[in-house]
Amino acid sequence: MRFAFVVSRALGYHIPNLFDSNESFHDFDKALGLLEQNGFDGVELNLNFHDQSRLSRIKDCIKSHGLRLSGVGTGLVYARDNLSLTDSERSKRERAIAIVEKLIEFASDEKAPVIIGLIRGAGKLHVEEASVYLRDSLKECDSVAQRHGVRMALEAINRYETPLLNAADEVSTFIKNTKLDATGILLDTFHMNIEEGSIEETIREYFSEVIHFHIADSNRWPPGFGHLRIEELLHLLQDLGYHGWVSAETLPKPSSAEAVTATASFLRAHRFM
Ligand SMILES: [Mn+2]
């Protein structure tokens with residue numbers, strides 16, 4: 001297992017307006033330095049743009065700290081630009097798909113998974129109609145991912161954040177029925193704590209389809225601050241032979257820097273790092 005930490009403008013190490021200005025690149029560089037010092041192998045990002053100059057600057061910065069890109073989240077495409085894969089307006093769906101496809105290209109030299117979370121859409125959706133759009137949109141993205149040798153990680157997200165695909169069984173069935181060959185499941189301990197009867201059983205049952213894993217405690221604070229036994233879940237993943245990324249996607253609590261150091265101490269205390 002390799003460990004990464006999310007650096008973004010919302011969760012993880014929080015940098016307001018990340019990648020919008022030179023100063024934010026400076027803060028990004030500082031955050032990566034902290035990940036490097038604390039023994040992380042990679043960094044996970046949330047991106048909603050695809051201009052080459054910013055993307056290559058990001059890549060260079062990651063490389064200069066000896067880190068890898070563990071995953072590319074796409075939630076900001078929805079949260080910031082209000083574009084989703086299920087928007088009832090075709091042109092908005094197409095814009096969302098186009099960004100995902102560009103980010104697949106960006107992720108391809110690192111073979112990092114591209115994460116499909118809230119870009120699926122949220123709020124008051126007509127679920128049946130949205131499911132059809134989601135199927136068609138993801139089919140298109142999946143074939144681009146396949147061409148680039150990139151996996152898409154479709155995340156099970158709890159019911160309070162979206163009405164679409166809340167539990168692992170729904171994600172698994174959706175991937176199979178839609179025949180998404182480049183897509184696997186992303187399990188997140190925070191979401192599983194809300195949706196699954198047993199987190200351990202869910203990990204066991206869907207393990208062969210899991211390609212990416214997010215950890216956060218029950219309150220989305222770093223591991224050790226809530227009531228989940230994250231160490232037991234990581235031991236289970238290890239026993240099952242998981243070789244993918246485990247990314248900490250926590251709130252920036254007690255602070256951005258302490259979220260990093262607390263996660264690292266937790267992982268070291270349980271001999272994962
Ligand atoms: Mn997550």
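User: In which sense does helix 8 pass helix 9, and what makes the crossing one of that hand?

Analyst: Helix 8 passes helix 9 in a right-handed crossing, and it is called so because the near helix is turned clockwise from the far one by less than a right angle. This is a predicted model.

User: What makes helix 8 and helix 9 count as roughly parallel, rather than perpendicular?

Analyst: The axes of helix 8 (residues 199-206) and helix 9 cross at roughly 20° and come within 11 Å. Angles under 35 degrees count as roughly parallel, and therefore the two helices are given that description.

User: Which residues meet where helix 8 and helix 9 come together?

Analyst: On the side of helix 8 there are Ile199, Glu200 and Ile203, which meet Leu233, Leu236 and Leu237 in helix 9.

User: How do you know that strand 7 is largely enclosed by the rest of the structure?

Analyst: A residue is buried if 20 or more other C-beta atoms lie within 10 Å of its own. Six of the six residues of strand 7 are buried, so the strand is largely enclosed. For strand 8 (residues 210-215), five of its six residues are buried, and that strand is described as mostly covered.

User: What makes strand 7 a paired partner of strand 6, and of strand 8?

Analyst: Pairing requires at least two bridges between the strands. Strand 6 (residues 152-155) and strand 7 are joined by four bridges in the parallel sense, and four bridges also join strand 7 (residues 183-188) to strand 8, again in parallel. Ile185 in strand 7 stands opposite Leu154, and Ile185 also stands opposite Val210 in strand 8.

User: Why is Asn38 called partly exposed, and not buried?

Analyst: Asn38 has 19 other C-beta atoms within 10 Å, whereas a buried residue needs 20 or more and an exposed one has 12 or fewer; Asn38 is therefore partly exposed. Asn38 lies in the loop between helix 1 (22-37) and strand 3 (42-46). Leaving aside neighbours within four places in sequence, Asn38 is in contact with Val260, Thr261 and Ala264. Ala264 is 226 residues away from Asn38 in sequence, yet their C-alpha atoms are 6.1 Å apart.

Methods: Residues numbered from 1 in each chain as written. Predicted model: local features only at pLDDT ≥ 70, side-chain atom pairs only at ≥ 80, totals over all residues. Contact = placed C-beta atoms within 7 Å. Axes fitted to C-alpha atoms, helices over the stretch in contact; angles between N-to-C directions. Parallel < 35°, antiparallel > 145°, perpendicular 65-115°, else oblique.
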